[in-house]
Amino acid sequence: MKVSYFPGCTLKTKAKDLDNYARKCAEVLGVTLEEIPAWQCCGGVFTTSRDEIATKLSSVRALNDAKQKGQPLVSVCSACHNVIKQTNAAMQNDEEFAFKVNNYISPDEYHGETKVYHYLELLRDVIGFDKLKEKVVKPLTGRKIAAYYGCLLLRPGKVMAMDDVENPTIMEDLIRALGAEPVVYAYRNECCGGYIALESKELAKEKSQKVTSNAQEKGAEAIVTACPLCRYNLIKNGTEVPVVYFTELLAEALGIKE
Amino acid sequence: MENSKQNLCNEIVRRSGVNPRKCMKCGKCSGTCPAYDEMEYHPHQFVYMVETGDIEPLLNSKSIYRCLTCFACVDRCPRGVEPAKLVEAVRLAVVREQGKNHLKADDIPELLDEELPQQAIVSALRKYSK
Ligand code: SF4
Ligand code: SF4
């Protein structure tokens with residue numbers, strides 16, 4: 001099976017492990033991630049204002065490209081995924097907005113037809129955690145892993161519709177499928193501070209430390225995330241628990257980690 | 001003057017898509033806001049102040065740069081008010097004015113470190129500059 005793939009700017013530079021292992025693992029699982037040609041940066045955060053057009057065009061172009069190919073659009077970075085999915089919803093539900101945007105992609109017209117998946121959803125809904133489990137060659141038996149969702153994977157829940165916003169299970173189910181033991185802790189869906197790291201280092205520090213110390217208290221040996229900025233904030237602000245991308249864990253269990 | 005402020009206020013409401021009158025002033029949005037301690041005006045106050053047209057203090061407050069766009073207030077508001085969208089609309093009313101960018105390209109080099117992901121820079125620029 002082939003799907004359209006939007007890697008995003010950070011996966012091409014600072015977060016290569018998120019990108020490389022996502023591609024390789026997908027191949028092992030029978031899915032080819034076809035990179036969208038000439039994709040442009042998603043912008044990192046969705047601008048909720050209805051009259052913001054230009055900042056959403058890169059997402060619409062990627063979505064429209066996938067539509068032309070009749071493929072779903074997959075991304076791995078939480079932030080790209082959040083921007084693309086929220087933009088897709090706006091194209092479906094806000095006619096005035098869609099009308100303005102469509103002026104820029106003429107003669108094409110796009111109204112949110114493309115199915116958008118986060119890579120985790122691809123694993124759960126398309127491949128299936130059961131199938132994934134069968135492909136595991138090095139189960140992570142006995143390892144205690146804490147999933148860190150942060151904000152962007154889940155919220156706004158109405159739009160992202162990935163999982164229960166307050167009690168998600170998708171990453172814990174993945175951890176279980178890989179043979180490890182998920183560690184559930186209160187701060188797994190609270191904000192790490194995100195881009196505030198540029199504006200207020202103190203605030204980013206306070207938020208990130210709450211997450212890492214909470215995971216540590218609950219006995220986590222590692223924290224997994226799908227977001228390069230979450231990973232940066234958690235590591236930068238001091239953690240005794242290593243923070244890795246979920247794709248690294250996946251690659252390890254599938255026996256293809258370098 | 002009063003008239004233009006009222007127009008701006010209406011514009012903020014329109015572009016946010018929020019109906020501030022739905023708010024029942026329970027304060028849950030502010031209770032859950034991770035930036036609460038660093039905000040002079042909190043999410044529920046944004047809602048109330050926009051509703052009553054008292055936007056001048058918001059336009060001049062650093063609070064608009066403290067929101068993390070975490071959408072916690074959006075999901076946890078029992079009335080579906082979505083305060084984050086109002087915070088964003090107020091911020092845009094400021095940074096869209098000429099010369100009012102909160103983060104300038106020239107400011108960036110000194111904020112960088114080796115590991116900082118691009119994502120942080122593009123996000124901050126999108127939030128703080130036009
Ligand atoms: S989106 Fe902004 S205002 Fe709302 S809870 Fe998060 S930081 Fe606070
Ligand atoms: S949570 Fe919703 S209803 Fe409660 S104060 Fe905030 S905006 Fe108003």
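A: The answers below concern a predicted model.

Q: What is the strand order in the open sheet that contains S1 of chain A?
A: The order is S2-S1-S3-S4 (chain A), an open sheet of four strands with parallel pairing.

Q: Why is one side of S2 and of S4 left without a neighbour in that sheet?
A: Strand S2 (32–35) and strand S4 (116–118) of chain A stand at the edges and have a single partner strand each, so one side of each lacks a neighbour in the sheet. From one strand to the next, the twist averages 40°.

Q: And which helix packs on the sheet, touching S3 and S4 of chain A?
A: That is helix H3 (residues 78–93) of chain A, whose direction makes about 160° with that of S4(A). Helix H5 (residues 119–127) of chain A lies across S1, S2, S3 and S4 of chain A, at about 100° to S4(A).

Q: How many bridges link S1 and S3 of chain A?
A: Strand S1 (residues 2–5) and strand S3 (residues 73–75) of chain A pair in the parallel sense over two bridges. A:Tyr5 stands opposite A:Val74 in S3(A).

Q: Changing topic, which residues come nearest to ligand 2?
A: Of the 13 residues around ligand 2, the nearest are B:Cys23, B:Cys26, B:Gly27, B:Cys29 and B:Cys77. By class, the shell has eight nonpolar, two polar and three charged residues.

Q: Where do the domains of chain B lie?
A: The domain assignment gives domain 1 (2–97) and domain 2 (103–130) for chain B. Their centres, taken over C-alpha atoms, are separated by 24 Å.

How values were computed
Residues numbered from 1 in each chain as written. Chains lettered and ligands numbered in written order. Predicted model: local features only at pLDDT ≥ 70, side-chain atom pairs only at ≥ 80, totals over all residues. Heavy atoms only, no water. Near = heavy atom within 4 Å. Nonpolar A, V, L, I, M, F, W, Y, C, P; charged D, E, K, R; others polar. Domains from an automatic or database assignment. Pairing = 2+ DSSP bridges. Axes fitted to C-alpha atoms, helices over the stretch in contact; angles between N-to-C directions. Contact = heavy atoms within 4.5 Å.
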